Amino acid sequence: MIYYRNGKLAEDSVQMDLSQPGFRTGYGFFETLAWNGRKACHLDLHLKRARASLCEFNIIEEAIDYEKIITEVIEANALKDNFARVNIFFPVEDGKTAPIVTAVSFEHVSDRVWTLMPAKDVFLTGLMRHKSMNRMDYLNAWQMAQDFGFDDALLLDFEGRVLESSFASLLFKKGDRYIEPQTEYKLAGTSQTITDQHLKIESEPVLLKSVHEFDHVFVLNSLGGMSPVSAIGDVVFETEHKICQKITKLILELN
């Protein structure tokens with residue numbers, strides 16, 4: 001993989017200071033964007049979220065031309081006309097970050113349907129509001145869900161309130177109402193920000209024991225767009241694809 005860091009393109013390995021928290025503890029943030037064959041989708045929203053985190057933790061960001069550099073990395077990896085996953089990493093060294101930009105091929109499945117398994121473990125921290133590079137809890141939850149035949153894990157607080165999935169924001173539908181789980185312990189999803197502009201979304205607590213009361217459930221993320229959920233644990237839902245296709249086009253800027 002060819003990537004960008006410190007003013008140049010390099011390949012395969014990244015040099016990091018072993019004494020710094022970026023290496024030792026995964027201290028830093030990251031963003032995941034879709035390259036739709038023409039552009040990096042909603043780069044402005046992703047940078048706004050990342051910079052809010054950097055500001056809150058008093059981290060100085062090296063100024064770079066993200067749009068230009070992402071295009072260079074895409075072209076260097078022969079991905080220009082393809083769908084790809086772009087990552088911007090912000091590892092922290094001495095209170096500063098020199099962003100790393102990567103790009104790899106990614107298969108977008110337009111008619112994908114998700115299943116979610118309620119996670120066995122609960123982890124609650126203010127860092128859940130940030131896209132931290134230290135994602136071990138999320139990956140463990142996802143791997144356990146995969147081991148049991150599900151696509152992803154449904155994350156919960158100690159009272160059984162729904163937060164999000166390991167890799168996506170969640171949206172519930174009841175009648176004509178779209179509802180996002182109300183909680184302080186989830187990431188402000190860029191895909192949900194886009195969806196908010198086109199659907200009237202309300203915010204209220206959603207309990208795991210009450211998910212059967214909803215007609216439909218959806219996941220939202222930057223690479224997949226909007227997808228229906230067919231099951232949460234043993235609770236089965238009808239899948240609604242029409243609204244997913246409409247919102248996915250907006251998230252992936254396919255219009």
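Guide: A residue is called buried when its relative accessible area is under 20%, exposed when it is over 50%, and partly exposed in between, with a 1.4 Å probe and protein chains only. The model is a predicted one, in which local features need pLDDT of at least 70, side-chain atom pairs count only at pLDDT 80 or more, and totals for chains, interfaces and linings use all residues. Residues are numbered from 1 along each chain as its sequence is written, and side-chain values use heavy atoms, leaving out hydrogens and water.

Visitor: What makes Val235 partly exposed?

Guide: Val235 has a relative accessibility of 22%, which is why it counts as partly exposed. It lies in strand 16 (residues 235–236), where helices (H or I, at least four residues) and strands (E, at least two) are DSSP runs numbered from the N terminus.

Visitor: Which residues does Val235 touch, not counting those up to four places away in sequence?

Guide: With that exclusion, Val235 touches Val211, His212 and Ser230, contact being heavy atoms within 4.5 Å. Between Val235 and His212 there are 23 places in sequence, and their C-alpha atoms are 6.2 Å apart in space.

Visitor: Why are Ala78 and Asp94 called exposed?

Guide: Ala78 has a relative accessible area of 59%, and is therefore exposed; Asp94, at 61% relative accessibility, counts as exposed too. Ala78 sits in the loop between helix 3 (66–76) and strand 5 (84–93), while Asp94 is in the loop between strand 5 and strand 6 (96–97). Ala78 has a phi near 55°, positive in a residue other than glycine, and Asp94 likewise has a positive phi near 55°. Most residues other than glycine have a negative phi.

Visitor: How do you know that the span of helix 4 agrees with its number of residues?

Guide: The expected span is 1.5 Å times one less than the number of residues. For the 12 residues of helix 4 (residues 136–147) that should be 16 Å, and the end C-alpha atoms are 16 Å apart, so the two agree.

Visitor: Which residues of helix 4 are buried, and why are they said to be on the same side?

Guide: Tyr138, Ala141 and Ala145 are the buried residues of helix 4. They cover an arc of only 65° around the axis, which puts them on the same side of helix 4; the arc is that of the directions from the helix axis to the C-beta atoms. Their cover includes strand 8 (114–118), strand 9 (152–156) and strand 10 (162–165), whereas the face turned away from the buried side carries the exposed residues Met136 and Asp147.

Visitor: What are the buried residues of helix 6, and why are they placed on the same side?

Guide: In helix 6 (residues 242–251), Ile243, Cys244, Ile247, Thr248, Leu250 and Ile251 are buried. Because they cover an arc of only 155° around the axis, they lie on the same side of helix 6. They pack against strand 12 (177–181), helix 5 (190–196), strand 14 (216–221) and strand 15 (225–232). Just after helix 6, Glu253 takes a positive phi of about 50°.

Visitor: What makes a set of residues a nonpolar core, and which residues have the most contacts inside the largest one?

Guide: A nonpolar core is a set of buried Ala, Val, Leu, Ile, Met, Phe, Trp, Tyr and Cys residues joined through side-chain atoms within 4.5 Å. The largest has 24 residues, and Ile70, Ile74, Val86, Ile88 and Val101 have the most contacts inside it. Strand 3 (28–35), helix 2 (43–56), helix 3, strand 5 and strand 7 (100–105) each supply at least two residues of this core. A second, separate core of 18 residues includes Tyr178, Leu199, Leu220 and Leu223.

Visitor: Why is one space called a pocket and another a cavity?

Guide: On a 1 Å grid over the protein atoms alone, a cavity is a set of points where a 1.4 Å probe fits but cannot get out, while a pocket is an open set with protein on both sides within 12 Å along at least five of seven lines; lining residues have an atom within 4 Å of a point. The largest pocket has a volume of about 900 Å³, and of its 42 lining residues the closest to its centre are Thr32, Lys131, Phe167, Asn221 and Leu223. Helix 4 gives the most to that lining, with five residues. The largest cavity has a volume of about 50 Å³, a volume being the space filled by probe spheres set on the points, which are joined across faces, edges and corners. Its lining consists of Ala34, Cys41, His42, His46, Thr190, Ser191, Ile194, Ser222 and Ile251, and helix 5 gives the most to it, with three residues.
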